[in-house]
Amino acid sequence: MKNNIACLIPSAGKGSRTGLDYPKTLYKINSLPILIRILKSVSAIDKKPTIVIKKNFYNLFCKTLKQYSFSAELIFQKKELGMGNSILQYSKSKKSSKYKDVLLIWGDIPFIRKSTINKLINFHYKNKNNFSLITKFVKNPYTIVRRNKERKIISIRETKLNKKKEIKYGERDIGIFLFNQKLVLKFLKKKLSGKYSNKEHSFLYIVEHLVNSGYKVDALSIANNREIISFNSLNDLK
């Protein structure tokens, strides 16, 4: 199973709230860059993950990878046009034709455990899913996993897009997904409702379209409190 998985880490953004002049995935926590923490967690699955970066930071990424003795395939996103656009850059990868499934990890989540990733992989293949993710029930979720009466996922949406009411508690994704790469890239290329948010190409909107097209989407709610931390501002890491 693991031999057929490539790891993709979108890392082209600095994040407007971080105040950094370099990619936030290279920010050090206890002297170790977030990116290196992620690479350590996926090393048993993909020894040369694909990282999406801005071209002007190429030398900085190469220097960081060399410093910590890691190898990666670096591909470029010309403009910050959203996460969906970043993931579409995977079609440029030399690995895209070799691997059936992609393990996608946001480049700003520093505390993902190897055990969580392994459980996601086992869950994905055991249930024959087309798209799987890790979730957690939290207060004031940034995204919300919507389920029907049978508890099957029907969509995942950013809560800021819900203008009807504030969601005080619910199930959210944590930024780690496993999916059939050809299927997801095909849906990201389509003109579908919800594709753009604030002129940026989103990603989670495709879940609803996958479900409506009969594909199997499911979530494993096993994340701990540290794993849901993402680096959007320095306060997030305190």
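Reply: Start with what counts as a helix: a DSSP run of H or I, at least four residues long, numbered from the N terminus. Glutamate 208 is found in such a run, helix α6, residues 205-212. Keep in mind that this is a predicted model.

Me: What makes glutamate 208 partly exposed?

Reply: Its relative accessibility is 27%. Buried means under 20% and exposed means over 50%, with partly exposed in between. The value of 27% falls between those cut-offs, so glutamate 208 counts as partly exposed.

Me: Which residues does glutamate 208 touch, leaving aside those up to four places away in sequence?

Reply: Ile154, Ser155 and Arg157. A contact needs heavy atoms within 4.5 Å. The C-alpha atoms of glutamate 208 and isoleucine 154 are separated by 5.6 Å, although the two residues are 54 apart along the chain.

Me: Which residues of α6 are buried, and what covers them?

Reply: The buried ones are Tyr205, Ile206, Val207, His209 and Leu210. Their cover includes the strands β7 (131-139), β9 (153-158), β12 (200-201) and β13 (217-220), along with helix α5 (181-189). Just after α6 comes glycine 214, with a positive phi of about 90°.

Me: How do you know that the buried residues of α2 line one face of the helix?

Reply: Take the residues first. Helix α2 spans residues 58-67, and Phe61, Thr64 and Leu65 are buried there. Seen down the axis of α2, the buried residues fall within an arc of 95°, so they line one face. An α-helix has 3.6 residues a turn, so residues three or four places apart point the same way.

Me: What does the face of α2 turned away from the buried side carry?

Reply: Exposed residues: Asn59, Lys63, Lys66 and Gln67. The buried residues of α2 pack against β3 (32-33), α1 (34-42), β4 (50-53) and β5 (73-76). Serine 69 follows α2 and has a positive phi, near 60°.

Me: Why is lysine 199 called exposed?

Reply: The cut-off for exposed is over 50% relative accessible area. Lysine 199 has 78%, so it counts as exposed. Lysine 199 sits in the loop between β11 (196-197) and β12. Its phi is positive, near 70°, and the residue is not a glycine.

Me: Where does arginine 151 lie, and what is its phi?

Reply: Arginine 151 lies in the loop between β8 (143-147) and β9. Its phi is positive, about 70°, although arginine 151 is not a glycine.

Me: How do you know that the radius of gyration agrees with a compact globule?

Reply: The chain has 238 residues, and a compact globule with that number would have a radius near 18 Å. The chain has 17 Å, which agrees. Along the principal axes, the C-alpha atoms fill a box of roughly 50 × 40 × 35 Å. Of the 238 residues, 53% count as buried.

Me: What share of the contacts join residues at least 24 apart?

Reply: Among contacts between residues at least 6 apart in sequence, 72% do. The chain's secondary structure comes to six helices and 13 strands.

Me: How many positive and negative side chains are there, and how far apart are the centres of the two sets?

Reply: The chain has 49 positive and 16 negative side chains. Their centres lie 4 Å apart. The chain exposes about 12,700 Å², and carbon and sulfur atoms supply 48% of that area.

How values were computed
Residues numbered from 1 in each chain as written. Predicted model: local features only at pLDDT ≥ 70, side-chain atom pairs only at ≥ 80, totals over all residues. Heavy atoms only, no water. Helix = DSSP H or I, 4+ residues; strand = E, 2+ residues; numbered from the N terminus. Rg over C-alpha atoms; globule rule 2.2 N^0.38 Å. Buried < 20%, exposed > 50% of the residue type's maximum accessible area, 1.4 Å probe, protein only. Areas by Shrake-Rupley, 256 points an atom, 1.4 Å probe, with all protein chains shown as cover. Lys, Arg positive; Asp, Glu negative; His and termini not counted. Charge placed at Lys NZ, Arg CZ, Asp CG, Glu CD. Arc of directions from axis to C-beta.
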